[in-house]
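Visitor: Can you walk me through this one? I'd like to start with the interface.

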Amino acid sequence: MRPALLIAANFLRENRWAVILLLLWGIASGIGAAATAGSSTDDALFFLKQQAVYSVFFTVFLAASALYNQRRSRRILAVLSKGIERYEYLAGIMVGFSSVSVLYSFALGGTGAWTFSLLGLSPTAIIPLVVMLVLASILAGTVALFFSTFMSPLFTLLCTSLALGTSAFFGRHIPSLLPAYTLLESVMSFAPHSGGRYPWVAAIWAVLEIVILWVAASVIFARKDIAVSVE
Amino acid sequence: MAVLEFQQITKEYRTGFARRRVHALDDFSLSGGEGEILGFLGPNGAGKTTAIHLAMGFMRPSSGAGSMLGKPFGDAHTRKRVGFLAENVALYHRNVAPLVRFYGALNGLADTTLAKRTREVLELLDLVDVEKRNAAKLSRGMMQRVGLAQALVNDPDLLILDEPTSALDPIGRVAVRELLLRMKSAGKTIFLSSHLLSEIELICDRIAILHRGKLVRLGKTGELLESAEESEIVARGVDAQQFANAAAENGLVKLTVRVAEQRPTIERVWASGGEVVRVNPVRRSLEDIFSQLTKESEQ
C-alpha cells in the first residue's frame, strides 16, 4: 500500500502544474456559474455540467500517457528496480489520476454547492453528482490505463474512446458495461426538483469494474518488457 | 552460493516494420559469486544491458531462467536487497535529499532508518552540498552520483551497475572505484558493466566478455590478462642482436618468445654466457584481449 501511495504522491507532484491549473479552472468555473445564477438557473447549471465533462477528459488524458511517459523517460527503471510489484506501480498511477479527478470534482462541487444555494436548492444535492462524476472519471481513466499497458498513447485514446463509446451505445440494454457514460449522463441530466434519481447500481458496477480493470492491467503489465535495450 | 545466475538465457526481440528477429542474448549462462566484483564487458549491442534488465525483472527471457540472491529474476522482495543504477540514469526532477529518500522509501525504509541511510549516502557520495538542489539542475556527473546514491540507499547486498562512471570526471571515477572496493571489502557483490576497460581491469575479480549476445570469455582478471601463449624472458650479459624479438633496456635484454620456445631460448642465453633474471607470462592489456575476442567471434 505504501509504495502505491508514494508513487501516487509522486504522480501528483510530477503533474502539479496541470493539477493546480485544473483546480483553479474548477473553482473559477464554479464562481462563473454562481455569477450567472442570478440571471438564469438553466445557464448556471449548463455551465457547471459543461465543466463536469472536462473531469472525464482530463483523467483519460492523464491516464493514457502516464505509463508511456515514464517508460520513454526511463524513470520507470529506477522505480521498478526497487522492491515493488508491478500491480503496486499501476495502483500508484491509478490513485494519482484518481486524486486529480477527486480534487477537480471537489473544487467544482464546492463552488457548485454555493451555486445551488444561490439557486434555492439544497447545497447537499451536489454530493451524489460529485460521486457520479468522480466514479465516471476514474472508470474512464482506468480503461485508458488498461489499454496503455500494451498500446501507445494515441491508440490508447482511440481504444478508450471506442470502448466508452460502445458502452454508451449499449448502456441502456447492458447497464453493467463500463457505465462511465451512464454515470456522466446522470450528472448531465440533473434538473432542479427532479427528485434526484441516480444510477447507484451502475455506480457499484463502476467500482467493481475499476478493480477488475486494475487486476487485468496488472496481469498484462507484469508480463510486459518495460525496457528495451538502449544498445 | 551464486548471487546472480543466468542459466541458458535467450532473449529475442522483434524490431522494425517487418518484425525482424534480433537475438539480444543467445544461450547465455553466467554465475556471479558472493563478495566478488564481476566485470561485464562487450561492445555496443553485445547484450550487456539486456542481461542486466533481465536480472532486474524489467523484461522476461524468451527461454532459460535466472536467479538473483537465490530467487528467480523479477522477485520484488529480493529487489529490496539490490541496488541498481541504469545506464544514462533518469531520475525525477526534485531536490536531491527528498529524491534519495523517495527511492529509499520505495524499498521499504522508513522513519529514522531512512533518514540515517539518506544522510550516509549523501555524505559518502559527496552530495551534501547539493542536497537542496533540484536534480534536474545538476551536471551529468553529479546526476550520476545521485543515481548511485539511490542505488546504495537501501544498503544492498548486490549492486548492479550499468556504466556507473560513464559521466564522471577522472576524480569522480577514482572515488567511485574506491567506493566499490570498500563495498566489496564489506562483503557486497558487485556486477559492473562498463566500456572503460581500464576501470574493469583495476577493480574486477572476474571478467565476462560478451559479443553478439554470447559469452565469449570468462575468467579471473589476472588469468585473462596473462597470456598462455607467450613468455617474457629478461636476461643480462647477452647481446640483444643474437635473438629475434629482443629489446635492450638498462643493461637488460627482454625477449618475447612463444611458450614452446621458452626452454631453448633460456638454454641459448646460458650457452652464450648470459644470466636469466626472470621469466614471466606476457601480460596483455584488456583492450588487446577484447579486440582479439571480438574479431575472433566475428570470423
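Guide: The contact (heavy atoms within 4.5 Å) takes 31 residues from chain A and 36 residues from chain B. This is a predicted model: local features need pLDDT of at least 70, side-chain atom pairs count only at pLDDT 80 or more, and totals for chains, interfaces and linings use all residues. Residues are numbered from 1 along each chain as written, chains are lettered from A and ligands numbered from 1 in written order, and side-chain values use heavy atoms, without hydrogens and water.

Visitor: What area is buried between chain A and chain B?

Guide: About 2,900 Å², with carbon and sulfur atoms giving 52%. Buried area is the accessible area (1.4 Å probe) lost by two parts on being put together, summed over both.

Visitor: How many salt bridges between chain A and chain B?

Guide: One. The side chains of B:Lys11 and A:Asp225 form a salt bridge at 2.6 Å, N to O. The term means a side-chain nitrogen of Lys or Arg within 4 Å of a carboxyl oxygen of Asp or Glu.

Visitor: Switching topic. What is the strand order of the open sheet in chain B?

Guide: The four strands run β2-β1-β4-β5, with antiparallel pairing. Strands are DSSP runs (E, at least two residues), helices likewise (H or I, at least four), numbered from the N terminus. Two strands pair if DSSP finds at least two bridges between them.

Visitor: Which strands of chain B stand at the edges?

Guide: β2 (20-33) and β5 (71-72) of chain B. Each has a single partner strand, so one side of each is left without a neighbour in the sheet.

Visitor: How many bridges join β1(B) to β2(B)?

Guide: 10, and the two strands run antiparallel. B:Glu12, for one, has B:His23 in β2(B) as its bridge partner.
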